[in-house]
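Here is a model to question, term by term. Each answer sets a value beside its definition.

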Amino acid sequence: MTTVATDVAPPDARKAGRYVYGAAVFLLCAWVLVPLYFLLINTLSSPESVNTFPKAFIPEFDLGSLLFFASFAGMLDALKNSILVALLTMVLSIVVGAPAGYALSRFEFRGKELFRMLILLTRAFPLPLLALPLAVMFIRTGLDDTVIGLAMVHTTLAVPFAVLITFSLFSGIPLELEEAAWTLGCTRLTAFTKVVLPLILPGITASAIFAFVISWNEVFAAAVLTIENRTLTAFLLTNLETSPLHLKFAGGFILVVPALIFIFAVRKYLFAMWGIANR
Amino acid sequence: MSARYLPYILILPVTLFLCIFFLYPFVLVAQQAFSTGNGFTLDNFRNVTGHWKFPISLKNTLLLAAAVVPVQVVLALLMATMVSRMKKGRDMVLYIWTIPLGISDLAAGIIWLAIFEQSGFLNSMLSGLGVIDKPANLLTYQNPWIVFVAIALAEIWRATAIMLVILVAGIGLIPREYYEAAEVFGASPWKRFMRITLPLLRPSLSTALVIRVILAFEVFAVVQAIGGTLFPVLMSETFNYQFELLNGGAAAAIALIILAISIGFTVMILRLLRVPKGATI
């Protein structure tokens, strides 16, 4: 698939090497895709055939499992909660994170290094564990078992990424552009909204989507901090022992689909994000 | 608004946020772990480490990390170098390889459950090939190794992508000239990899390793989905103490132990892969 035919005929050893290379790329793609295909087969099969043996290797396009998933008590609420928490996390992490990214890229100020350390530090800790003490704090403040409370914890997971990504985005826009706008009568604010913002909007969207995915996928904190208002991951996790196979597979499928779309949407930015976040 | 204060105003929201939801909880979790209601005590730790399940879950967590992380480093390095030489179809291949990045650990566990469960695809394939006549129940306590392998495979499948992304970004930062010079002097691809890519990739490699190792000690949902209670790990013990036994102090104690292990390994990795000062690209 990636063995490129060139007009100069390479020697045999080179050719063999290319075939091995192409085969390896193909195999590694299959390694990622085949398990996903298996999940798809299970999701698009009736509950009966999910539990029969042996399995067919082509989906039968029966919506039984998905309908069962939709009709399972509490499932649609959990789905709704998941979406709400993820949307809130997305908004919060950009609103809170982007200004800091702008500050890091535009200003030299005392404490800048300390601040960067704090941001980087968050990645060296298993953050979901913090949900444990927060559970107590939330009960005291009335935030327990609420969408907003969980969204705040998820924002803690997502905000360091938002800061680093927006920092790299703002750094990519020359200060001269802003300065030119100032000389033409813009204030700092209008220069920002009229010149900088339109330029980085796609990148901001990408980092917002990334925040959405972080929240959507998070399991531990969600399971610790919610009881009645479970998110989809928390609901599936706490019902793992009792739920039938077709419910698990349909649930897994619903979890995977938005992630697939979103990673596709932000694929251009993934590497830029990490390239900067490294240093 | 004076420009002198502007940066501080801009970083204030994040700083406040991280103080409330990152630094403060650390104080709380330590407080919870070191007290049982009346003053400082190590009872929670004694309680937790004295339980028969603790050594098993500690062993399982470490063993899983030891099995999974090296495979992922090699795999991610291999994939990253393959991608860096690719001309056609690079974007497509990269997208496919980074798909697991967006997939939650719970979903990954469920996906591999579909393969390893009794009426799953592994059994179906084996019976199709005539290796077995009837489906065997693979994920039981009689087959601890199969449970382990299933969990390890799911972890490798899910979390190699994060290392891949970091390494691809890192390779992109290595100047082309080094490779061209090496080629002029006749260095083989293997030599170029060993002498240029690996040493210059050190910062990215250490970031990737730190993130990956911390994720490995946090392993939870994959294990729950595939092994259930068959394969206790530290994180599932934390969860059990919090919910089944309603012992917040003990849960906090294990959380601190996980934290300590994570920090220990982070420091070790950063030490081992330290880039000498002034030796940046």
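Q: What makes two residues count as "in contact"?
A: Their C-beta atoms, placed from the backbone, must lie within 7 Å. This model is predicted, and the cut-off is applied to its coordinates.

Q: Which residues does I226(B) contact, leaving aside its neighbours within four places in sequence?
A: The partners are G109(B), W112(B), L113(B), F116(B), L139(B), V147(B), A150(B), I151(B) and A154(B). Each therefore has its C-beta atom within 7 Å of that of I226(B).

Q: Where does domain 1 of chain A touch domain 2 of chain A, and how far apart are their C-alpha centres?
A: The centres lie 31 Å apart. The contact takes nine residues from domain 1 of chain A and eight residues from domain 2 of chain A. On the domain 1 side, α1 (12–43) and α2 (47–50) of chain A each supply at least two residues. α1(A) gives the most, with five residues. By class, that side has five nonpolar, four polar and no charged residues.

Q: What describes a pair of packed helices?
A: The angle between their axes and the distance between the axes.

Q: What are these values for α4 (residues 75–106) and α7 (residues 147–171) of chain A?
A: The axes come within 5 Å and cross at roughly 35°. The crossing is right-handed. The contact of α4(A) with α7(A) has 20 nonpolar, 10 polar and one charged residues.

Q: How do α3 (residues 53–84) and α10 (residues 202–217) of chain B cross?
A: Their axes come within 9 Å and cross at roughly 145°. The crossing of α3(B) and α10(B) is right-handed.

Q: Which residues of α3(B) and α10(B) meet?
A: From α3(B) come T61(B), L64(B), A65(B), V68(B), V69(B), Q72(B) and A76(B). From α10(B) come A208(B), R212(B), V213(B), A216(B) and F217(B).

Q: Why does the contact of α3(B) with α10(B) have one charged residue?
A: Arg counts as charged, so R212(B) falls in that class. The others divide into nine nonpolar and two polar.

Conventions. Residues are numbered from 1 along each chain as its sequence is written. Chains are lettered from A and ligands numbered from 1 in the order in which they are written. This is a predicted model: local features need pLDDT of at least 70, side-chain atom pairs count only at pLDDT 80 or more; totals for chains, interfaces and linings use all residues. Axes are lines fitted to C-alpha atoms, for helices over the stretch in contact, and angles run from 0 to 180 degrees between N-to-C directions. Helices (H or I, at least four residues) and strands (E, at least two) are DSSP runs, numbered from the N terminus. A crossing is left-handed if the near helix is turned anticlockwise from the far one by less than a right angle, and right-handed if clockwise. Domain bounds come from an automatic or database domain assignment.
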